[in-house]
Amino acid sequence: MNVVLLGPPGAGKGTLAVQLAQCLGVLHLSTGDLLRDEVARGTPLGRQAEGYMKRGELVPDEVVLAMVKERVNGERGVLLDGFPRTLAQARGLEAFLKVDKVVYLAISKEEVVRRLSSRRVCTRCGAVFNLVTQPPQQAERCDRCQGPLAVRPDDRPEVVARRYEVYERDSAPLVDYYRRQGLLVEVNAAQSPEAVRAQARAALSQ
Ligand code: AP5
C-alpha cells in the first residue's frame with residue numbers, strides 16, 4: 001500500500017508517520033528528513049537544498065522527484081511524509097508510483113504555530129519532542145539516545161510564517177486534487193497523537 005501524508009507544517013506528519021509506517025509494514029519516506037541529512041553531510045544535493053530550506057521555500061520539484069524515485073524503487077509499500085508538495089510533484093509521482101490513499105491532517109494555523117514554537121529535535125538521532133505536548137523525560141536531552149535537543153533552524157517564527165504561506169499557495173491545492181480522485185481521507189489532527197493515529201488507521205482500513 002502506498003500512502004501520502006498531507007498537511008501544513010507542524011500538523012504532526014512526522015509524529016504520525018513513524019508509527020503508522022510500522023503498523024502498515026511499509027517504508028517511511030520523509031523528504032524533509034532526507035534533505036536535512038543531505039545538508040548535514042554537505043553533499044552537492046544538500047548544498048543545493050540548504051538555502052531554500054533556511055528561507056522556508058520549497059526545494060525545486062525535479063530535485064525532490066529524483067530523490068524520491070530513487071528511494072521507492074523496489075519497495076513493496078511506502079508512506080510518503082511531506083511529498084508531494086506541489087501539483088507538479090504529484091503528477092511526476094504518478095509516473096512511477098500508484099498512490100492508494102492520501103491522509104490529510106486537518107488543523108488550524110494557530111495550532112501549528114503553537115506546536116512549532118515548542119518543538120525540539122534531537123541533534124543526534126532526529127527524534128521529535130514538544131516542550132508542551134510531548135516533553136522529554138530529561139530537560140533538553142533525547143529519551144532515545146541522550147543526545148542534545150535543539151530548535152530546528154526553520155522553526156524560527158519568521159520562517160514558520162513563510163513555510164505556512166508556501167504551504168497555502170503550493171501544497172493546499174493538493175487536498176482538492178486528491179479529493180477529486182477519491183483518494184483523500186481527512187483526519188482531525190488537533191487531537192492527541194494516539195487519537196490521530198487511531199483515526200488514521202481506521203480510515204486506511206476501510
Ligand atoms: P519538512 O521537514 O517536511 O517540514 P514540514 O512539512 O514543514 O513539516 P514539519 O516537519 O515541520 O512538521 P510535521 O507535520 O512533520 O510535524 P511534527 O510531527 O514534527 O520539510 C522541511 C523543508 O524541507 C521544507 O520547508 C522544504 O524546504 C523542504 N522540503 C521537504 N519536502 C519537500 C518537498 N516535497 N518539496 C520541496 N521541498 C521540500 O510535529 C510538530 C510538533 O508538534 C512536534 O513538536 C510534535 O511533538 C508535536 N505534535 C505532533 N503531533 C501532535 C499531536 N497530535 N498533539 C500535540 N502535539 C503534537
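Reader: How many aromatic pairs does the structure hold?
Author: Two. Keep in mind that this is a predicted model.

Reader: What's the geometry of Y164 and Y167?
Author: Tilted. The centres are 6.0 Å apart, and the planes make an angle of 50°.

Reader: Where do Y164 and Y167 lie?
Author: Both are in helix α7, residues 157–171. They are three residues apart, about one turn of the helix.

Reader: Are Y164 and Y167 buried or exposed?
Author: Both are buried.

Reader: And Y177 with Y178, why is that pair edge-to-face?
Author: Because the planes stand at 75°, and over 60 degrees counts as edge-to-face. The ring centres are 5.2 Å apart.

Reader: Why does Y177 count as buried?
Author: Its relative accessibility is 10%, and buried means under 20%. Y178 is buried too, at 2%.

Reader: Switching to helices. At what angle do α5 and α8 pack?
Author: About 35°, with the axes 10 Å apart. Helix α5 covers residues 87–94 and helix α8 covers 173–180.

Reader: Which residues make that contact?
Author: From α5, L87, A90, R91, L93 and E94. From α8, L174, Y177 and Y178. So the tyrosines of the edge-to-face pair also take part in this contact.

Reader: Last one. Where does the charged end of R55 sit?
Author: Over the ring of Y52, 5.4 Å from the ring centre.

Technical notes:
Residues are numbered from 1 along each chain as its sequence is written. This is a predicted model: local features need pLDDT of at least 70, side-chain atom pairs count only at pLDDT 80 or more; totals for chains, interfaces and linings use all residues. Side-chain values use heavy atoms; hydrogens and water are left out. Axes are lines fitted to C-alpha atoms, for helices over the stretch in contact, and angles run from 0 to 180 degrees between N-to-C directions. Helices (H or I, at least four residues) and strands (E, at least two) are DSSP runs, numbered from the N terminus. Contact means heavy atoms within 4.5 Å. Rings of Phe, Tyr and Trp (its six-membered ring) pair if their centres lie within 6.5 Å; planes under 30 degrees apart count as stacked, over 60 as edge-to-face and the rest as tilted. Buried means under 20% relative accessible area, exposed over 50%, partly exposed in between (1.4 Å probe, protein chains only). A charge sits over a ring if NZ of Lys or CZ of Arg is within 6 Å of the ring centre and within 35 degrees of the ring normal.
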